[in-house]
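Q: Please take a close look at one helix-helix contact in this model. Which residues make the contact, and how do charged side chains take part?

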Amino acid sequence: MYLVFASCSVVVGDRRFPHYMATELVGWSSIAGLEGLMMDKSKVKEVVDTNILKMMRQLGVQAWKVAVLYEPTGNPNWVASCTRQLPYQSAVIRIDPHMAESEADVLNSLRHELIHVLLAPLDAYRDVVISNIEADSPMDAAEDRAWTMAIETCVLAVERIFDWGLDLKPGQSMPVVAEPATEAKPVKEKRSRKARSK
C-alpha cells in the first residue's frame, strides 16, 4: 500500500521516499515489499563515477575535492547528504544505496548535493550566526529551520535553472556553444637596443 502526501512524498510500508520518486513509485503496478526496489551498491557507484566530473564542471565546482561514500546518510529519509569544508574546498557526499531506487534517483541526489557544494560560501555566514546562538535553545531551533528553508530553496532554484531554463536533466551534457570570433589585435613589434640607437 502506498500514499501520496501533499509534500510529494510517497510512503511504502514504513519508508518515506523523496518527492522526485513520487511519480516513479505511483506508476508501479504493484509494490509488495522493498526487495527489488533498492539499487546495488556497485550500480550506484557506476552511475556516480560516470557522471560526477561532468556534473561538477556544469556547476563550476570542478576545483573542489569531492569524496563519495556509499553508506547511510544519518537520516533514514534521505538518499544523500553532503558535508563541506569551504576553506579547503573539500566535500564528502554520502549516498545510501539502500535508499536509491533508480539511476534517476542517484543522479538527482548527486546533483542536489553538488549544488550544496556550489552554495558552500553561504556556510561561512551560517557558521558566524550559529557561533552566537546558545546550542539547543529556541533560537538555535529557529535558526536551523530558517537555514534549512533558505538553503533548500536556493538549491531548488538552481535545480530549476537546469531543469526548466536549460532543459538539462541530471546526467545530460550541456550543448556545446561555439565561442564568438574575436578580432586579432595587432602585435607591436619590439625593437632591440641596437635598432633604437640608429
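A: **Contact of α3 and α5**

The axes of helix α3 (residues 103-118) and helix α5 (residues 138-165) come within 10 Å of each other and cross at roughly 115 degrees. Axes here are lines fitted to C-alpha atoms over the stretch in contact, with angles from 0 to 180 degrees between N-to-C directions; helices are DSSP runs (H or I, at least four residues), numbered from the N terminus. The crossing is right-handed, that is, the near helix is turned clockwise from the far one by less than a right angle.

The model is predicted: local features need pLDDT of at least 70, side-chain atom pairs count only at pLDDT 80 or more, and totals for chains, interfaces and linings use all residues. Residues are numbered from 1 along each chain as its sequence is written, and side-chain values use heavy atoms, leaving out hydrogens and water.

On the α3 side, the contact (heavy atoms within 4.5 Å) involves Arg111, His112, Ile115, His116 and Leu118. Helix α5 contributes Ile151, Glu152, Val155, Val158, Glu159, Phe162 and Asp163. By class, six of these residues are nonpolar, two polar and four charged, where Asp, Glu, Lys and Arg count as charged, Ala, Val, Leu, Ile, Met, Phe, Trp, Tyr, Cys and Pro as nonpolar, and the others, Gly among them, as polar.

Arg111 and Asp163 form a salt bridge, with N to O at 3.0 Å; the term requires a side-chain nitrogen of Lys or Arg within 4 Å of a carboxyl oxygen of Asp or Glu. Because Arg111 lies in α3 and Asp163 in α5, the pair ties together parts 52 residues apart in sequence. Arg111 is buried, at 5% relative accessible area (buried: under 20%; exposed: over 50%; partly exposed: in between; 1.4 Å probe, protein chains only).

Note on methods: Helix = DSSP H or I, 4+ residues; strand = E, 2+ residues; numbered from the N terminus.
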